[in-house]
Amino acid sequence: MNITKGSLETQTAKVFSATVRPKRRTVIRYFVLAFLFTITAINYGDRATLGIARSNISQDLGLSPVSMGYIFSAFGWAYVINQVPGGWLLDRYGSIRVYGISLFAWSLCTLAISGAGHVPQSLAFPVLFFLWAGLGLVEAPAFPANSRITSSWFPIGERGLATSIFNSAQYVAVAFFAPLMGWVTQRLGWEYIFAMMGFLGVLLAILWLVTMRPPAQHPHVNDAELTYIREGGALIDIDDKNKKIKHKLTRQQVQFMLTDRTLLGVYGGQYCINVILYFFLTWFPSYLHQARGLSLTQTGFAASVPALCGLLGAIVGGALSDRLLRSGRSASFARKTPFIVGMGLASTLCFCNFVQSPLVIIAIMSLAFFGKGVAAIGWAVISDIAPKEVPGLAAGIFNAIGNVAGIVTPIAVGYIVSLTASYDGALLFVAVHCIAAILLYLFVVGKIRRLALPA
């Protein structure tokens, strides 16, 4: 075999080049984000079922608007109560295991609700109340888990868009599931939408537990991606049993988590933005059906338009925040700007009180929910500022206070509608919370940076 000196040098150079050429980093973090997005869509689809089926359930089971308001709020009570324990479970046992068990459990609750139509009317209220509360109880770790997983997989410069994407699943859930559930309810009965959503959740829980792993243990992640996300500020060891930070909170540190000015402002902002969300998930379909005269099928499709605008707004808000951060603007400016602008747009939903055309109403609601989507940057903020020892607990408190709106909003709107026979006061109630959120981010939330627990 005749090999010239030149060809030998060329082959040697090629081998050397292949050896030292940096391996292209994988992008498994985006597949993980798609998984979180899908689970969150199922999560919000489950929450939307009762709002879509409210009229039929009320008629079949003899439940008044005030009774339905309390049933709606049952989810919020249980969800809020279990936020801090849920955050502790995530920090103690890891995001993947707790998230998978939570998904499986809430899907079983949804399946159980499909049989509520077979109970006597005298028991309808307590049965629905406790089943809906059970759903809230076991869903509690879901969003803190999303926050922890995003913190472990995404560098800070990509985290705004990543958190906005998983958070935008709430809009996709309404846009996709609302028309489908409205059609199923009208054609087959309300029981079928609960059975459908429960079955989907069970399948997804099994897939999650079988396939999901932390960044450093995921079989398809290479060293280049791990280095990239670690150097970008991702907490990749957050669920590694051998490397995660062991920490026992002191009383002073717990007090800090509940009294720090920046945290309080962010908590309050999340409460205000969730007032919009829970109005949309609970009473908005009834508003379109009862106050504006749309059929159930029309209501489902009409509700999907603002939801899609909310999705677009979430992507715009997250991308804008990350772009501002990468361009050299401060974290405070990059995170606060989308929130303040978005909540200003969201407050315009009260203008629906002055128009009669359903098309104009949908247009105004679409603008408002686009703004709400732009403002949905709170999960990126809590990921940025949470003390590194207790990200799950911080996210749990954040989500607990934020979801007090799930208790207050359904009951408040139920009383407003019952006392005034109108939804005008309900829309004003939501708009006032939008203005309050802007004031909190302007005057209460300080500099956005990673907080440190007191020694």
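Residues are termed buried when their relative accessible area is under 20%, exposed when over 50% and partly exposed in between (1.4 Å probe, protein chains only). The model is predicted, so that local features require pLDDT of at least 70 and side-chain atom pairs pLDDT 80 or more, whereas totals for chains, interfaces and linings use all residues. Numbering starts from 1 along each chain, and side-chain values use heavy atoms, without hydrogens or water.

Aromatic rings of Phe, Tyr and Trp (its six-membered ring) were paired if their centres lie within 6.5 Å, with planes under 30 degrees apart counted as stacked, over 60 as edge-to-face and the rest as tilted. Tyrosine 99 belongs to helix H5 (residues 95–113) and tryptophan 208 to helix H10 (residues 191–211), so the contact ties together parts 109 residues apart in sequence; helices are DSSP runs (H or I, at least four residues) numbered from the N terminus. Both tyrosine 99 and tryptophan 208 are buried. A tilted pair is formed by phenylalanine 143 and tryptophan 379, at 5.5 Å centre to centre and 40° between the planes. Here helix H7 (residues 142–153), which holds phenylalanine 143, is linked to helix H18, which holds tryptophan 379, across 236 residues. Phenylalanine 143 and tryptophan 379 are likewise both buried.

One aromatic cluster comprises Phe279, Phe280, Trp283, Phe284, Tyr287, Phe369 and Tyr423.

How values were computed: Helices (H or I, at least four residues) and strands (E, at least two) are DSSP runs, numbered from the N terminus.
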